[in-house]
Amino acid sequence: MIVLVIGGGGREHAIVRKLKESKKIDHIYCAPGNGGIAKDAECVDIKATDLVRMLAFAKEHAVDFAVVAPDDPLVLGMVDAFEAAGIRTFGPDKKAAEIEGSKVFSKNLMKKYQIPTADYAVFDDPADVLRYIREKDQYPTVIKADGLALGKGVVIAQNLEEAEAAVHSIMEDKIFGASGNKVVVEEFLTGPEVSVLAFTDGNCIKPMISSMDHKRVFDGNLGPNTGGMGTIAPNPFYTEADAQVCMEKIFLPTIRAMKSEGRTFKGCLYFGLMLTPQGPKVIEYNCRFGDPETQVVLPLLKTDLFEIFEAIYENRLEELSIEWRDGAAACVVMASGGYPKKYITGLPITGLNPDGQLDGVTVYHAGTKLADDGGMQTAGGRVLGVTAVGADLPEALERAYAGVARIDFTAAHYRHDIGTAYHR
């Protein structure tokens, strides 16, 4: 098999490395890939959103199976284009990807099918939003851009001044472009957050091991939201009882709702959950593997990932038994100083071996490029995800941080408290 993985971050590196374990695959292309992925797959310099060039490349190079990993190309309809050309593809089609592509759509879906979520209101006029927020006078309040915003389109406003600034930047300054034409204002939920990725073929749904992302840039959950500064799996707060409730009230109802709407979802469906005093509720859906959740979930997967992708494509997921490793995994993200705001790229990275790795841990490359001398350089905000597996969470964290200590680049920034508040 010749496989093409579309995307170029840490999530895609985790997918590529897991696919490399499959005996069914002869060659993996990754477009656009990055410096670290280039050690594990043949990288192709095509933007993930360039549907025309990507499809032409796949045809020219006799790609047997494509994996569309990021949200942008899924929402644009890349899966539709590949399947129309007769290329088997993993990921939801354009209609199904709307579950992430529009917060308004997903909130209305949950309301219609009574899937537990936060109370909300939708607006397309800044003045109306602010009038509503002033009248409610409840803080914190959550303000979300309707469309895709690189995981950064959510503001938790602590007061009216912060709410006004958020509405102004999203709806008037258009910092997220057309994604901010509408906003959703939600009640603020409390409780532990849980990420659950799930394999589904539209009929059967099989959740993966739960995880916990750490969104804030600084220790103690302080500072602005990021794409994710680290993850742990399994999530220590997510019990068997929670999993059962979620299956009955959230997971199955969601795929049935999508099917009823003529938007059958096939691929990886991400459930961002809050374990509230009233029970689990949905914070958000994503139409793909989470980043950096994938970097702690896939290392615990024993079953051939490509066999799962094939089973989903062929609508026989129910027949497949998916096995997981015991123990825990932890990922610490090393980011460029200044992220998620301004930062410098092109800085040399030291401490990695020639394969961009370290003994005892797996280094997933998120924002790297190969230098002319064959070394590795920074090329993004989130640079590396240093992941380790252990018998339990403390062991996994100890190994991951030991790996971080051996890697360096100028102004490298990482959190020192990933998972530490959740030891049991």
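Mentor: In H11, the buried residues are Leu305, Phe306, Ile308, Phe309, Glu310, Ala311 and Ile312, where buried means under 20% relative accessible area with a 1.4 Å probe, counting protein chains only. Helices here are DSSP runs of H or I with at least four residues, strands are E runs of at least two, and both are numbered from the N terminus. Before going on, note that this is a predicted model, where local features need pLDDT of at least 70, side-chain atom pairs count only at pLDDT 80 or more, and totals for chains, interfaces and linings use all residues. Residues are numbered from 1 along each chain as its sequence is written, and side-chain values use heavy atoms, with hydrogens and water left out.

H11 spans residues 305–313, and since seven of its nine residues are buried, it is largely enclosed by the rest of the structure. What does the covering? Among the elements over its buried residues are strand E1 (2–7), helix H1 (10–19), strand E4 (65–68), strand E5 (88–90), strand E10 (193–200) and strand E16 (267–276).

Now the ends. After H11 comes Asn315, with a positive phi near 60 degrees.

Zooming out, the protein has 12 helices and 23 strands, and 56% of its 424 residues count as buried. Its C-alpha atoms fill a box of roughly 60 × 45 × 45 Å along the principal axes.

Notes. Buried means under 20% relative accessible area, exposed over 50%, partly exposed in between (1.4 Å probe, protein chains only). Contact means heavy atoms within 4.5 Å.
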